[in-house]
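Take a walk through this model with the sequence at hand.

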Amino acid sequence: MRTATVAAILLAGVLAGSGPAQAYKVFVSNEKDNTVTIIDSETLEAEKTFNVGQRPRGIAITHDGEWLLVCASDDDTVQVFDVKTRQLIKTLPSGPDPEQFVLHPSGNPLYIANEDDNLVTVVDIEANKVLAEVPVGVEPEGMGISPDGKVLVNTSETTNMAHFIDTGSYELIDNVLVDSRPRFAEFTADGSQLWVSSEIGGTVVVIDPATREIIKKFTFEVPGVTKEALQPVGIRVTRDGSTAFVALGPANRVVAIDAKALEIKKYLLVGQRVWQLAFTPDENYLFSTNGVSNDVSVIDVADLKVIKSIRTGRFPWGVVVAPE
Amino acid sequence: MSIGGQGMRPCAGIPRLSFCIVCWVCWPVFCLAALPAVAQDDMAEIRIGYIRQLADRPPNLSNLIVPPDDEGFAGARLSVKDNNTTGRFLKQSFVLEERDVPTSGDALPDFRAMLDSGISFFVLDVSADVLLAMADAAGDRPAVLLNINATDDRLRGEDCRRNVMHIVPSRGMYTDALAQFLVWKKWRDWLLVIGPDERDGLYAEAVRRSARKFGARIVEERVWNFGPDARRTAQAEVPAFTQGVDYDMLIVADEVGVFGEYLMYRTWDPRPVAGTQGLSPSTWHLTHEQWGSAQLQSRFVKTNGRRMTALDYQAWAAIRAVGEAATRTRSAEPGEMEAYLKSPQFELAGFKGLPLTFRSWNWQLRQPILLVQPSALVSVSPQDGFLHQRSVLDTMGLDEGEAGCAFQ
């Protein structure tokens, strides 16, 4: 199925002399100049920039494709923009210093990590109200949710744990100790694996969500790059569970990992200090935010090649792609 | 790898709206007080002793910027709070016991009393001599002394002790950090101005070593001997004092802070100043925001109502190191924790972009060093291009083989 799609797209590309037929809007939050850049996934050009709140980091789009959610960390709020008009619709009561968040698979509520207060805040985005606050470890950061929506995972950067939270009762189910400064948590689409990156520890672990046992720990090696510079942050796994991509921060690489065999496939050179990643909905492209070089890199997922870099604002942090 | 799940339902049974209000207003008190699940006596207690003996401060500095009274203690308290947040999940609780010994007093009885009461981890803001006396008083008893303020290179060399670990960088690490930056800038010719205090002499020696190590030249050394408080006389004295020498950068050795601030903008030639004043190496700065440090900064300001100083950071890091040992070993047993602290597995996330680890040859904490001026961060060393076969952080300070430390 997938091969057929890829072949069709390649064929279409050859015939049309351009990229894939599907065009998506890619939204990139620029942490240092308080803007969001919009990139067209067909032309691979930045087409617009608009102002948002202070220090925008985490960025998401509601499942209906209508709302763009932006963590305006220094405004202590999550802003809601209309995806099409880019007008500010409202702000959500996020708790202080929101950094990352994740939507329930049903589209609501939103689970927000509040770095300053050791809390995860649960917000009903329709009713604009806080449903709960869950105390977690020091500096909550990464947020992942199981595909069935039952288990929320938050990583705490100074406590160095992945906290498993029951989304029904808001109770902690378990805490898994990982290496220093865990930044990101990502479930595979089938829910069978949870991937967690540890930035300072330089490792990525794959956890079995059922047993909460670590089944694999990756370390990385790139010739000419010091061990300390290999700092994994953002993670994305293809829907079919075949390939995981991990952004390696100041190593300026994204690593592609065979998520079934749990083996490293290839290191891809991208821009400087790469942090977050997002697929296009058809998973043809993966975009990476490169904070220090002020651009995003575009990775061809099938070929495992970096095909372009696109200028953004200052310190691009988060990235999300809207379905068209 | 999983850790026993604990019920966390801080606000069960309370209507959602009021829960939110309560939590917004005073969640730390309310929610922490309401945390159920673990009875107090289930918790393994880790006690940390903190002894501070402030160095003598010359009277003429009395109406200048004074450090906060709780400098260091405030960082330690925040770190204990951080450790306890993590400790909740592991049934570990951290307790800080503080002693503030008068400058003219004797800190040893307090140290012995803490040791006798069963404390094994000490955070020490004392002079090199007092630190050595404590290390020797501890003898073979289980004790880890974390040095947070004595920069003397001899403590990492001939006067090293197996029970002393150094969180604060040495003078040599600081001057190496500065030297790398100046060499990278190609400001290689230095005029070294040395104050009258014994500590200034030690700083000057570190500057000389760093110049040799990185290929800078000290074109001349001059001793500042104009007496205390140069505020009203510097404009006349400094131009004459800095005449007749060709240099790129004035390096000042004035650890006490009696004259260094008054060199800037008063030199005969327009030259920048670095060292103990001007562009200075440090472990922390109020404008440091990279690598997640903005989070620690805002946590500190919220808790203490003031900005975090380098000494606060050093105390924070010392206690986080103890916390890390307890977390990773899942133990409160001092021997196990000490073994972990001294193992190659130990690493601390200290908001410097690299893991902080201990050098096995003198228990010095490896760390990037900030180069700061009063209201901005200028650079962070090691600088690009300064390489080392083990870790780029080992380009700063005494390397293995040159430290001359034989643990006793």
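Which residues of α6(B) are buried? The model is a predicted one, and in it the buried residues of this helix are D200(B), Y203(B), A204(B), A206(B), V207(B), S210(B), A211(B) and F214(B). Helix α6 of chain B runs over residues 198-214. Its 17 residues reach 25 Å from the first C-alpha to the last, close to the 24 Å expected at 1.5 Å a residue.

Now look down the axis of α6(B). The buried residues fall within an arc of 160°, so they line one face of the helix. An α-helix has 3.6 residues a turn, so residues three or four places apart point the same way. On the other side of α6(B), E198(B) and R212(B) are exposed.

What do the buried residues of α6(B) pack against? Their partners in chain B are α5 (171-184), β7 (189-194), β8 (217-223), β9 (249-253) and β10 (273-275). After the helix comes G215(B), with a positive phi near 80°.

Take the contacts in chain B with a separation of 6 or more: 68% of them are between residues 24 or more positions apart.

How many of the residues of α9(B) are buried? The count is 19 of 20, so the helix is mostly covered, given that a residue is called buried if 20 or more other C-beta atoms lie within 10 Å of its own. Just after α9(B), R330(B) takes a positive phi of about 50°.

Next comes a helix pair. Two packed helices are described by the angle between their axes and the distance between the axes. In chain B, the axes of α3 (residues 108-116) and α4 (residues 128-138) come within 10 Å and cross at roughly 35°. The crossing of α3(B) past α4(B) is right-handed. Which residues make the contact? From α3(B) they are L108(B), F111(B), R112(B) and L115(B). From α4(B) they are A133(B), M134(B), A137(B) and A138(B).

Turn to chain A and its strands. Strands of a sheet pair through backbone hydrogen bonds, either parallel or antiparallel. One open sheet of chain A has 4 strands in the order β20-β21-β22-β23, with antiparallel pairing. β20 (235-237) and β23 (263-269) of chain A stand at the edges with a single partner strand each, so one side of each is left without a neighbour in the sheet. Neighbouring strands of this sheet are turned by 20° against each other on average, direction ignored.

Strands β18(A), residues 203-208, and β19(A), residues 213-219, run antiparallel and are joined by 6 bridges. V204(A) has F218(A) of β19(A) as its bridge partner. The hairpin formed by β18(A) and β19(A) has 4 residues between the strands, and R212(A) in the turn has a positive phi of about 60°.

That leads to backbone angles. Most residues other than glycine have a negative phi, and most peptide bonds are trans. Where do the exceptions lie? R55(A) is not a glycine, yet its phi is positive, about 55°. R55(A) sits in the loop between β3 (45-51) and β4 (56-61) of chain A. With 21 C-beta neighbours inside 10 Å, R55(A) counts as buried. N160(A) also has a positive phi, near 65°. N160(A) lies in the loop between β13 (151-156) and β14 (161-166) of chain A. N160(A) is buried, with 26 other C-beta atoms within 10 Å.

Finish with the peptide bonds. The bond from N108(A) to P109(A) is cis, with omega near 5°. P109(A) is in the loop between β8 (98-103) and β9 (110-114) of chain A. In chain B, a cis bond joins S381(B) and P382(B), with omega about 10°. P382(B) belongs to the segment after β15 (376-381) of chain B.

Definitions and conventions
Residues are numbered from 1 along each chain as its sequence is written. Chains are lettered from A and ligands numbered from 1 in the order in which they are written. This is a predicted model: local features need pLDDT of at least 70, side-chain atom pairs count only at pLDDT 80 or more; totals for chains, interfaces and linings use all residues. Two strands pair if DSSP finds at least two bridges between them. Helices (H or I, at least four residues) and strands (E, at least two) are DSSP runs, numbered from the N terminus. Axes are lines fitted to C-alpha atoms, for helices over the stretch in contact, and angles run from 0 to 180 degrees between N-to-C directions. The expected span of a helix is 1.5 Å times one less than its number of residues. A residue is buried if 20 or more other C-beta atoms lie within 10 Å of its own, exposed if 12 or fewer, and partly exposed in between; C-beta atoms are placed from the backbone. The arc is that of the directions from the helix axis to the C-beta atoms. Two residues are in contact if their C-beta atoms, placed from the backbone, lie within 7 Å. A crossing is left-handed if the near helix is turned anticlockwise from the far one by less than a right angle, and right-handed if clockwise.
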